[in-house]
Amino acid sequence: MDNRTALIAGGAGGMGFAIAERLGKDGFAVVIADLPGPRLNDIASRLQAEGYRALALPLDIRQPAACREVVKAAVDWSGGLHALINAAGVWAEGAPEAMTEADWDLTLDINLKGPFFLIQAALPHLGEGASIVNIASDAGLVGNTGAAIYCASKGGLVLLTKALALDLAPRGIRVNAICPGEVATPMIEGQANRYGNGDPEGYKAALLAHYPQGHKARFIQPEEIARLVSYLCEDAATPITGAALSIDFGVTAGY
Ligand SMILES: NC(=O)c1ccc[n+]([C@@H]2O[C@H](COP(=O)([O-])OP(=O)(O)OC[C@H]3O[C@@H](n4cnc5c(N)ncnc54)[C@H](O)[C@@H]3O)[C@@H](O)[C@H]2O)c1
């Protein structure tokens, strides 16, 4: 039996769950860490019912001490750590004048500070061949109108990834970012309900309106992101580190 373990922050989210399921299928024991709540426990039960070794741990990634505790609990449970996936995140939207310090703190703490401190906590347990994958965004590569704070957080995550890849290369630890376009997850549904002015379907259609595929543009499925994460956790991906991999139907390719 494979004895590798993956820790997935945001593991109860749309992408996080698909990643946990996929890595479980690949033979990893999976630790899903997310805000406490029924969804976290339900997802762990679902993964266990599918035959995967899975553990749910509550985590508020904004707290460095909580990051250390979750890593310790994961290692106590499994005996080691071989992959760390940062898939927790929040969206922030609004005109620059409307955004508050609280919006800034929440978004940066979850999307940028949290991943750093989780990685820091995991480092003593990660060895040669380990893979760290940060879920950034197309909004970490190009600006998105009405999302300055979110773009700042994801752009920061892309460069955090590259800098850490350099720091950790001598130890054989790889660090990569994935930059997805629009993915069909609860985050998008939440955005559409909150910012869609009563027309969530119209909001979602507008998200796809600028894709180069035109009327054929579609949402990416979380499983499509999970396959890329899976690849980045394999030895086959050994030459890939410090990359910001777009999976976005070309929306960041130019215009
Ligand atoms: N859905 C998209 O179109 C899209 C596109 C590009 C990038 N992303 C990014 O991908 C990642 C995954 O997003 P998703 O689409 O699966 O969204 P999601 O809302 O389904 O999942 C995000 C998860 O993060 C968790 N989370 C939020 N705050 C947390 C905290 N303080 N501590 C721990 N966990 C916390 C949530 O509970 C949730 O389970 C996010 O970083 C998001 O910004 C999403």
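**Notebook: domains, ligand shell and helix packing**

I began with the domains and noted that the C-alpha centres of domain 1 and domain 2 lie 24 Å apart. I am working from a predicted model here. The protein chain splits into domain 1 (5-181 + 222-247) and domain 2 (184-219), so I wrote down that domain 1 is given as two segments, as the automatic or database domain assignment has it.

Next I looked up where the two domains meet. Six residues of domain 1 are in contact with six residues of domain 2. On the domain 1 side of that contact I found three nonpolar residues, two polar and one charged.

Then I turned to the ligand. Which residues come nearest to the ligand? Of the 26 residues around it, my list reads Gly13, Met15, Gly89, Thr185 and Met187. I also checked which elements give two or more residues to this shell, and they are α1 (14-25) and α6 (186-195). Both domains take part, since domain 1 and domain 2 each supply at least three residues to the shell. By class, I noted 15 nonpolar, seven polar and four charged residues around the ligand.

The crossing of α6 past α7 is right-handed. From α6, the residues Ile188, Gln191, Ala192, Asn193 and Tyr195 meet Pro200, Tyr203 and Lys204 of α7. I sorted this contact into five nonpolar, two polar and one charged residues.

My next stop was helix α4 (residues 101-122) with helix α5 (residues 148-168). Their axes are 9 Å apart, and the packing angle is about 15°. Angles under 35 degrees count as roughly parallel, which is why I recorded α4 as roughly parallel to α5. I noted a right-handed crossing as α4 passes α5. On the α4 side, the contact is made by Asp103, Trp104, Thr107, Leu108, Asn111, Leu112, Pro115, Phe116 and Ile119. The α5 side brings Ile149, Tyr150, Ser153, Lys154, Gly156, Leu157, Leu160 and Leu164. I counted the classes here as eleven nonpolar, four polar and two charged residues.

Helix α4 has another entry in my notes, this time with helix α3 (residues 64-78). How do the axes of α3 and α4 cross? They come within 8 Å and cross at roughly 40°. That makes α3 oblique to α4. I again wrote down a right-handed crossing, with α3 passing α4. Pro64, Cys67, Arg68 and Val71 in α3 meet Phe117, Leu118, Ala121 and Ala122 in α4. What classes make up this contact? I found seven nonpolar residues, no polar ones and one charged.

Terms used:
Residues are numbered from 1 along each chain as its sequence is written. This is a predicted model: local features need pLDDT of at least 70, side-chain atom pairs count only at pLDDT 80 or more; totals for chains, interfaces and linings use all residues. A residue is near a molecule or strand if its C-beta atom, placed from the backbone, lies within 6 Å of it. Helices (H or I, at least four residues) and strands (E, at least two) are DSSP runs, numbered from the N terminus. Ala, Val, Leu, Ile, Met, Phe, Trp, Tyr, Cys and Pro count as nonpolar, Asp, Glu, Lys and Arg as charged, and the others, Gly among them, as polar. Axes are lines fitted to C-alpha atoms, for helices over the stretch in contact, and angles run from 0 to 180 degrees between N-to-C directions. Angles under 35 degrees count as roughly parallel, over 145 as roughly antiparallel, 65 to 115 as roughly perpendicular and the rest as oblique. A crossing is left-handed if the near helix is turned anticlockwise from the far one by less than a right angle, and right-handed if clockwise. Two residues are in contact if their C-beta atoms, placed from the backbone, lie within 7 Å.
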